Amino acid sequence: AIFWNLVTWYLGIPCSSSHTLIGSILGVGIAFSLLPDSQQAAVNWGKAQEIGVSLLISPLFGFSVTIILMYLLRTLTKKTSYGDSLFKEPKKNAPPPLWIRIILILTCTSVSYYHGSNDGQKGVGLIMLILIGIVPVYFALDVRVSPTELNAPLHRIEQVIAGIDPSPLSAPDKAIYAEVKATNQHLLNSIAQVHSVDQISKAARFGVRKDILLLDRHLKYLLDKEELSISTASRQIVKDDLKSVRKITDYSPRWAILMISLSLGLGTMIGWKRIVKTVGEKIGKEHLTYAQGASAELVAASTIGLSTNLGLPVSTTHVLSSGIAGSMVASKGVKNLQGDTVRNILMAWLLTLPVVMIMAGSLFLLFRAIF
């Protein structure tokens, strides 16, 4: 992921760090699944499809909504003095009017904030993935959460499970139902009379984490079955209690969050110019107007913020680039785009996933063979 990001950055091509990171993880997962001694699939294809749709739709959404926003803005300010200031090319070496400056600071800051909230979670997630895989004794469970907090939600889940009639389910689903009951009971036994994570043996901590994740996945799978007879209230109880149980596994240390935040800030300060020049000067054939910049940023910030709240990773690069392209099209049509730049961005967009999947999978297999 780092290699592909550096190559595209050096060439000045806006490329999605989300694409590279997710593609690399998928590549490693697929490579692991192909090993002769692999007993299970290493990729959650349902979640991968959900993420893929998000990465595909978000640039199209940014492009189209920016065009609509530009049209509305032009219509509303057509006969006002604001329209002349917003839609004319900025004068060289002249600062923008104060009210425009305030708008641009707000929209730019919003993009930066939501960019950090979305991309920051990916970085933190990757660090936790590595830490849990390498040293599960210390990072499998959050030491700040007392296992006693899990007793009540697990008992409520047990009561709901006991009241379910599994007879309408298929044979494989009945097996999953039986596994859910056994896993829930095993969890209750594991944390009985345990008041802190330190009291759980080092060998058992990853097992507790695995039980919680399996319980969460299998229960959600069963709740989606139409043939399962369960009340709406019971469904909600299970969903709420699963969130409570997952608090001990879904976490990140403060130092990891701070490290990722610092990395995002330093990376932007050091390497900003190549990508900024491409996005700001090479996508369209004319200089960006204040209206075009503000519209693209507002749509990008809204799209990224919405995706973050939905728990979906999106490409800030592609959303913002497509927003700029949409603003250029809204101004003077498709002819206002620079074909070479748009083609390079599209090529990078199409090649990123397959290239990084192959590279990451191959590197994993190489390291496995060596070590």
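Is N93 buried or exposed? N93 is exposed, because its relative accessible area is 85%, where exposed means over 50%, buried under 20% and partly exposed in between (1.4 Å probe, protein chains only). The legends below treat this residue and several other sites. The model is predicted, so that local features need pLDDT of at least 70 and side-chain atom pairs count only at pLDDT 80 or more, while totals for chains, interfaces and linings use all residues. Residues are numbered from 1 along each chain as its sequence is written, and side-chain values use heavy atoms, with hydrogens and water left out.

**Figure 1. The protein as a whole.** The protein has 14 helices and zero strands; helices (H or I, at least four residues) and strands (E, at least two) are DSSP runs, numbered from the N terminus. Its C-alpha atoms fill a box of roughly 70 × 55 × 40 Å, taken along the principal axes. Of the 371 residues, 41% count as buried. Among contacts with a separation of 6 or more, 81% join residues 24 or more positions apart, a contact being heavy atoms within 4.5 Å.

Figure 2. The unreviewed UniProt entry places the feature "transmembrane region" at several spans, including residues 122-141 and 346-367. UniProt positions are given in the numbering used here, feature names are shortened, and annotations may be inferred rather than shown by experiment. Residues 122-141 are 85% helix and 0% strand, and their end C-alpha atoms are 19 Å apart. For residues 346-367 the figures are 100% helix and 0% strand, with the end C-alpha atoms 32 Å apart.

**Figure 3. The largest nonpolar core and another core.** A nonpolar core is a set of buried Ala, Val, Leu, Ile, Met, Phe, Trp, Tyr and Cys residues joined through side-chain atoms within 4.5 Å. The largest one has 31 residues, and L154 and L219 have the most contacts inside it. Helices α7 (151-162), α8 (171-191), α9 (202-223) and α10 (232-246) each supply at least two residues of this core. Apart from it lies another core, of 10 residues, among them I283, A325, M328 and V329. Leaving aside neighbours within four places in sequence, L154 is in contact with N184, L187, L188, I191, L215 and V245.

Figure 4. D241 is found in helix α10 and counts as buried, because its relative accessibility is 4%. Apart from neighbours within four places in sequence, D241 is in contact with P153, R156 and I157. T249 lies in the loop between α10 and α11 (254-282). T249 is also buried, with a relative accessible area of 3%. Not counting residues up to four places away in sequence, T249 touches A140, L141, R209, I212 and L213. T249 and L219 are 30 residues apart along the chain, and their C-alpha atoms are separated by 17 Å.

**Figure 5. Aromatic rings.** The structure holds three aromatic pairs. Rings of Phe, Tyr and Trp (its six-membered ring) pair if their centres lie within 6.5 Å; planes under 30 degrees apart count as stacked, over 60 as edge-to-face and the rest as tilted. The pair of Y113 and Y114 is edge-to-face, because the ring centres are 5.2 Å apart and the planes stand at 80°. Y113 counts as exposed at 57% relative accessibility, whereas Y114 counts as partly exposed at 31%. Elsewhere, R274 lies over the face of W9, at 5.1 Å from the ring centre. A charge sits over a ring if NZ of Lys or CZ of Arg is within 6 Å of the ring centre and within 35 degrees of the ring normal.

Figure 6. C15 is buried, with a relative accessible area of 9%. C108 counts as partly exposed, because its relative accessibility is 34%.

Figure 7. Most residues other than glycine have a negative phi. N93 has a positive phi of about 60° although it is not a glycine. This residue lies in the loop between α4 (81-87) and α5 (98-134). Phi of Q193, likewise a residue other than glycine, is positive and near 60°. Q193 is found in the loop between α8 and α9 and is exposed, with a relative accessible area of 69%.
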